[in-house]
Amino acid sequence: MRDVYIIGAFSTAFGKKPETGFKALTREAYAGLLADAGLETGAEIETGWFSNCGMGSWGQRNIRGQVCFTPLVRDGLFPERVPMVNVEGGCASAMMALSGAFKDVASGEVELSMAMGVEKTFVPGDAERTKEIFEGGIDQIDPEEWRQYYAAAGETANKPFEYGPDRTVFMDTYAMQACYHMAKWGTTQRQIAIAASKNHWHGSLNPKAQYRFEVSPDEVLADRPVSFPLTRSMCAPIGDGAAGVLVCSKDYLDGQPAHVRERAIRIAGLAMSGGKYRDLDEPGLSSVAAKKAYARAGLTPADIDLVELHDATSFCELYQLEMLGFCEPGTSGRFIEAGETRLGGRLPVNTSGGLVSKGHPVGATGLSMISELAAQLRHEAGDRQVADAKIALAENGGGVVGFDEAACAVAILARADA
């Protein structure tokens, strides 16, 4: 397997964009991606991987990437006859697309590949269509299986399963896990609020974040309840956006101008795992993906300078810090409370603002994490720059199987000189 490098990474601003369609979002992200890589056109791209979850709810159930790139092919910006692979894995879709592009290059099949994620989840005046997009991330063929599973787990989790009509089922499953963590380890609702507040502060420094305002821990706790212990400020918003990455081989990189070579980021390790119906005490699938990624990179959690992780709710930050090996089980609340995950702390987490502040257009989310980490490792992150950042980790999970996500990817990125 060959070394693989990121030479282009770009994300649109995330937010509610009712007047902007899928093709317009694709064009914006693709143009930004080419500009970031110093390319006028994508003539040398040999494969494309397109991530999307919800376009079927807008009537485009198949060939989504091909449809979105047709105008770019017509305009001579994207090459003709390039295979475009459509990828869907819930909220993990974007990193699945990156995994495909990575393998194309690592295997030696191509020299330059693209991963692109595009999503619209905000439907003005039609909350049911938005809900339909998200509910595709859980078993709809045999829903009684997960209803019985959650009902049985309610007593263990210290929170009965009470699926509400004003939220997705995922908020209730995250809330059940949070309550279990609180009962077993003494984690507090305020510690979860501190994680949310920290990410809203980070988001206020990110010009592309959907929410660019600060929220104190007290304000987080006083916000509208969603499913105890989660409040609205602890949950990712509905929104639209797109993000993309260009990856290449060392041979291709060596042929690029100096300013491209100097900004290249190496993918040191990338691994995926799948979910299952697990016990609440059993480690989640992200721990499996992380161990594989560390082994492939020849690194440990102690080597990581910063992290972008999938905080669909702020409890996820606590949980994933433990699954990714940064905290012993039960200690992540205190770790966050001590300020270790803030800018300037020992391990800055979600400098982009995370999903709760940056936003969460599901098919684009994972690649937006990569874009943030590329900016950090290039030392181009401005007011939210992590000092001397050299090695970073991204974790992206999606869909639900019991208390696991259905799929998870972990990527470890490094400066070329690290």
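**Aromatic pairs and their surroundings**

Guide: Tyrosine 149 is buried, as its relative accessible area is 18%, and the cut-off for that word is under 20%. This is a predicted model, and what follows should be read as a description of that prediction. The ring of tyrosine 149 is paired with the ring of tyrosine 277: the centres are 4.8 Å apart and the planes stand at 70°, so the pair is edge-to-face. Tyrosine 149 belongs to helix α5 (residues 143–157), while tyrosine 277 sits in the loop between β8 (265–274) and α11 (285–297), so the pair ties together parts that are 128 residues apart in sequence. Tyrosine 277, with a relative accessible area of 30%, is partly exposed, whereas tyrosine 149 is buried. Both tyrosines also belong to one aromatic cluster, which is formed by Trp146, Tyr149, Tyr150, Phe161, Tyr163, Tyr277 and Phe403.

In the model as a whole, the count comes to 15 aromatic pairs. Another of them joins tyrosine 30 and phenylalanine 69, whose ring centres lie 5.5 Å apart with the planes at 80°, so this pair too is edge-to-face. Here tyrosine 30 is part of helix α1 (residues 22–37) and phenylalanine 69 is part of helix α2 (residues 64–74), so the pair ties together parts that are 39 residues apart in sequence. Tyrosine 30 counts as buried, at 1% relative accessibility, and phenylalanine 69 counts as buried as well, at 2%.

Threonine 26 counts as buried at 0% relative accessibility, and, when residues up to four places away in sequence are not counted, threonine 26 touches Phe50, Cys68, Phe69, Leu72, Met116 and Val118. Phenylalanine 69 is therefore a partner of the ring of tyrosine 30 and also one of the residues that threonine 26 touches.

Met116, which is among the contacts of threonine 26, is also in contact with leucine 367. Leucine 367 is found in helix α15 (residues 362–377) and counts as buried at 0% relative accessibility. Leaving aside neighbours within four places in sequence, the contacts of leucine 367 are Ala94, Leu98, Ala115, Met116, Gly117, Ala243, Gly244 and Val245. Of these, leucine 98 is 269 residues away from leucine 367 in sequence, yet the two C-alpha atoms are 7.5 Å apart in space.

Arginine 129 lies over the face of tryptophan 58, 4.7 Å from the ring centre, and lysine 208 lies over the face of phenylalanine 10, 4.0 Å from the ring centre.

The axes of helix α6 (residues 169–185) and helix α12 (residues 314–323) come within 10 Å and cross at roughly 60°, and the crossing is left-handed. On the α6 side the contact is made by Tyr174, Gln177, Ala178 and His181, and on the α12 side by Phe315, Cys316 and Glu322. These residues divide into four nonpolar, two polar and one charged.

Key. Residues are numbered from 1 along each chain as its sequence is written. This is a predicted model: local features need pLDDT of at least 70, side-chain atom pairs count only at pLDDT 80 or more; totals for chains, interfaces and linings use all residues. Side-chain values use heavy atoms; hydrogens and water are left out. Axes are lines fitted to C-alpha atoms, for helices over the stretch in contact, and angles run from 0 to 180 degrees between N-to-C directions. Helices (H or I, at least four residues) and strands (E, at least two) are DSSP runs, numbered from the N terminus. A crossing is left-handed if the near helix is turned anticlockwise from the far one by less than a right angle, and right-handed if clockwise. Contact means heavy atoms within 4.5 Å. Ala, Val, Leu, Ile, Met, Phe, Trp, Tyr, Cys and Pro count as nonpolar, Asp, Glu, Lys and Arg as charged, and the others, Gly among them, as polar. Rings of Phe, Tyr and Trp (its six-membered ring) pair if their centres lie within 6.5 Å; planes under 30 degrees apart count as stacked, over 60 as edge-to-face and the rest as tilted. Buried means under 20% relative accessible area, exposed over 50%, partly exposed in between (1.4 Å probe, protein chains only). A charge sits over a ring if NZ of Lys or CZ of Arg is within 6 Å of the ring centre and within 35 degrees of the ring normal.
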